[in-house]
Amino acid sequence: MNTVLQARPRNFVSTPTLERTTLRALRYLQSGYSIHLKGPAGTGKTTLALHLADLLARPIMLLFGDDEFKTSDLIGNQSGYTRKKVVDNYIHSVVKVEDELRQNWIDSRLTLACREGFTMVYDEFNRSRPEVNNVLLSALEEKLLVLPPSNNRAEYIRVSPHFRAILTSNPEEYCGVHGTQDALQDRLITINMPEPDELAQQQILVQKVGIDGSAALQIVQLVKAFQSSAAPDMVSSLRPSLMIATICHDHGILPLAENADFRDVCSDILLARSKESTPEATRHLWNLFNRFVVSQATLVNELTLKPETQTAARLHGEEEEDSVPAPLKMPRLDDAVEAVLEDAQVAEPDATAADLLEPEAIAPDEATIDALEAAPQPHTQVEATPKVDSPSDDIETRVFDYLDATGTVSLVKIEAALGLNRFQVVNALKSMLDQGLVEKQETDGQLQGYQLSSHWR
């Protein structure tokens, strides 16, 4: 029995790049051609294929490539028998018996899709052996689907003009993947799937997981940085980010580099995806953790009163002075069990950059810190403070209105008054400073707070 699906759009995230790809693919499909979405795992091929099928507004037959497939798995086969026996005793002295035995033919998904004009989504079709997919050749070109010879049915069916095929495939160097025959490739329009950009990945996490946008950005940037440093031969798959975001969201884990639970989740999910040895991949990951800690703390200090008096990292929006957290020390790996990390410990307040990873110490120089400050800075949702679902523009509007009503105010007071966490306020003030909406109020070189620029007062 074949199940017919009806696509239902589920918050499909569309960015300018994806919109262009979708528009191109839809044009080809509307002109009567079938398409082939080609690209590495995790680039959204299947999601886009189902989205395109939904745009065609036709029922869907979904297939998944398999090395064990036979041609009959695509077009159908004989299944069981029907026996018909007729006994004619109309003349009582003559008995006539007719006994007929017929095989039953069961259509498979390709046959049903061709006959009824459904959209067939054939996911990872090149995992099936090339000879199995030969039945697609005549269906796509001559619009005829050839069936095995039989006495009780036609040996071919005409393909409905509404039939379309959307095929997806992974690169041929992947394990378990076969090469695509030239004849089939010639009948398809192949679209190379672009790598998901940072905006698309962030919005996918927000919509699919429900995580805060700033927390999603933090996760995306960390995963992307790890893949660039420890797994440069891999495309930025979205699956690790989705795994990390889902676990953090479900269990209330703050996606901050100094959070031991967050580091554990990232280690378990990311380290196995690197082709480097476990110790080397671990050093890369802890290097990134330290860079993210420095990046976050430097941004906070840039907008906080009297940073030189800070003694401890305050990243949860408490009304206490903030400090640059000391770098994280990577636990030493036991020679017998290199893959197991002990619980991470934060160095004492007097630790220096020399206390970082050995044998290659990580000491961010001024140029590195400047680059980190210039990069887009993530912030996160914190359970200790009231949850704010407003976009960044709304937060900036609230801060602007508060400064307009109160005058010069410190960062800590803005947090308390508006119920925002530290990084929400930091990001809003940094953006507003760049736009010239607010300015710093200083006395004798000491930062007193923030106020609206003279242009707006």
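This report covers the confidence, cores and selected local features of a predicted model.

**Basis and confidence**

Residues are numbered from 1 along each chain as its sequence is written, and side-chain values use heavy atoms, with hydrogens and water left out. The model is predicted: local features need pLDDT of at least 70, side-chain atom pairs count only at pLDDT 80 or more, and totals for chains, interfaces and linings use all residues.

pLDDT is the predictor's confidence in each residue, from 0 to 100. Its mean over the protein chain is 74. A value of 70 or more is reached by 70% of the residues. Among the elements of the chain, strand 8 (residues 164-169) has the highest mean pLDDT, 94. Strand 11 (residues 345-346) has the lowest, 37. Two stretches deserve a note. Over residues 305-324 the pLDDT is below 50, and this stretch has 52 contacts in the model beyond near neighbours in sequence. Contact means heavy atoms within 4.5 Å. Over residues 332-391 pLDDT also stays under 50, with 101 contacts beyond four places in sequence.

**Overall make-up**

The protein chain has 15 helices and 13 strands. Helices (H or I, at least four residues) and strands (E, at least two) are DSSP runs, numbered from the N terminus. Of the 457 residues in the chain, 45% are buried. Buried means under 20% relative accessible area, exposed over 50%, and partly exposed in between (1.4 Å probe, protein chains only). Among contacts between residues at least 6 apart in sequence, 69% join residues at least 24 apart.

**Cores and helix 10**

A nonpolar core is a set of buried Ala, Val, Leu, Ile, Met, Phe, Trp, Tyr and Cys residues joined through side-chain atoms within 4.5 Å. The largest one has 32 residues. Leu205, Ile211, Ile219, Ile244 and Phe262 have the most contacts inside it. Two or more residues each come from helix 7 (198-209), helix 8 (213-230), helix 9 (239-251), helix 10 and helix 11 (278-302). Helix 8 gives the most to this core, with 8 residues. A second, separate core holds 28 residues, including Leu112, Leu145, Ala165 and Leu188.

Helix 10 spans residues 260-270. Its buried residues include Phe262, Val265, Cys266, Ile269 and Leu270. Arg263 and Ser267 are buried there too. Leaving out residues up to four places away in sequence, Phe262 touches Ile219, Leu222, Ile244, Cys248, Ile253, Leu254, Pro255, Leu256 and Ala257. Asn259 caps the N-terminal end of the helix. A side-chain oxygen of Asn259 lies 3.0 Å from the backbone nitrogen of Asp261. A polar contact is a pair of N or O atoms within 3.5 Å; within protein, one must be able to donate a hydrogen and the other to accept it, and residues adjacent in sequence count only if both atoms are side-chain atoms.

Most residues other than glycine have a negative phi.

**Aromatic pair**

Rings of Phe, Tyr and Trp (its six-membered ring) pair if their centres lie within 6.5 Å; planes under 30 degrees apart count as stacked, over 60 as edge-to-face and the rest as tilted. The count comes to 2 aromatic pairs. Trp286 and Phe289 have ring centres 5.9 Å apart and planes at 80°, so the pair is edge-to-face. These residues are 3 apart in helix 11, about one helical turn. Trp286 is buried at 2% relative accessibility, and Phe289 is buried at 0%.

A disulfide is a pair of cysteine sulfur atoms within 2.5 Å. The whole structure has 0 disulfides. For Cys248, the closest cysteine sulfur belongs to Cys266, 6.5 Å away and too far for a bond. Cys248 is buried at 2% relative accessibility. Cys114 is buried as well, with a relative accessible area of 0%.

Pro196 lies in the loop between strand 9 (189-192) and helix 7. At 15% relative accessibility, Pro196 counts as buried. Pro196 and Thr15 are 181 residues apart in sequence, with 9.2 Å from C-alpha to C-alpha.
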